[in-house]
Amino acid sequence: MLVEFNTLPDESRGFSQEELQQLRQELDAFIAEWTAHGSDLRAGYEIRYNRFIVLALDQTLNAATGCSIDASVRFIQQLEQKYKVELLDK
């Protein structure tokens, strides 16, 4: 059944304000510790539409490696479990 997006309950449209605050803290902590073979990564994130997490990496400083990419995927999967949402389109 098709309904207007803005008529859906808040939890259907994205993270609550409380969840967003906690999520930002978790993302800040992850990025502060995110490395590639022990080298710091210059990275940031945005949360768009209270639903989509966008991680960005400046690869001119240090490039992402398989291990650092795996770490980011594991982190997002942990968020999926914690918040009971699907964030990765597998």
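This is a predicted model: local features need pLDDT of at least 70, side-chain atom pairs count only at pLDDT 80 or more; totals for chains, interfaces and linings use all residues.
Let me start with a contact between two side chains: Arg 42 forms a salt bridge with Asp 58, their closest N and O atoms being 2.8 Å apart, where a salt bridge is a side-chain nitrogen of Lys or Arg within 4 Å of a carboxyl oxygen of Asp or Glu. Because Arg 42 lies in the loop between β2 (39-40) and β3 (43-48), and Asp 58 in the loop between β4 and α3, this pair ties together parts that are 16 residues apart in sequence.

Residues are numbered from 1 along each chain as its sequence is written, and side-chain values use heavy atoms, with hydrogens and water left out.

Now to accessibility: Arg 42 is partly exposed, with a relative accessible area of 47%, and Asp 58 is also partly exposed, at 23%. In these terms, buried means under 20% relative accessible area, exposed means over 50%, and partly exposed is in between, with a 1.4 Å probe and protein chains only. Of the 90 residues of the protein, 24% count as buried.

As for the overall layout, the protein has three helices and four strands, and along the sequence they follow the pattern α-α-β-β-β-β-α. Helices here are DSSP runs of H or I with at least four residues, strands are runs of E with at least two, and both are numbered from the N terminus. The C-alpha atoms fill a box of roughly 50 × 25 × 25 Å, taken along the principal axes.

How do helices α2 and α3 pack, in angle and in distance between axes? Helix α2 (residues 17-33) and helix α3 (residues 66-83) pack at an angle of about 160 degrees, with their axes 12 Å apart, the axes being lines fitted to C-alpha atoms over the stretch in contact, and the angles running from 0 to 180 degrees between N-to-C directions. That makes α2 roughly antiparallel to α3, since angles over 145 degrees count as roughly antiparallel, under 35 as roughly parallel, 65 to 115 as roughly perpendicular and the rest as oblique.

Lys 82 is partly exposed, with a relative accessible area of 43%.

The count comes to three salt bridges, and one of them joins the side chains of Arg 48 and Glu 46, at 2.6 Å from N to O. Arg 48 is partly exposed at 42% relative accessible area, and Glu 46 is partly exposed at 41%.

Turning to the nonpolar side, Tyr 49, Phe 52 and Val 54 make a surface patch of about 370 Å². Val 54 is found in strand β4 (residues 52-57), and at 36% relative accessibility Val 54 counts as partly exposed. Patches are made of residues with over 30% relative accessible area and no salt bridge, with like charges joined within 9 Å and nonpolar side chains (Val, Leu, Ile, Met, Phe, Trp, Tyr) within 5 Å.

Lastly, Leu 88 lies in the segment after α3 and, at 24% relative accessibility, counts as partly exposed. The C-alpha atoms of Leu 88 and Val 73 are separated by 8.5 Å, with the two residues 15 apart along the chain.

Key
Accessible areas come from the Shrake-Rupley method with a 1.4 Å probe; for residues, only the protein chains shown count as cover.
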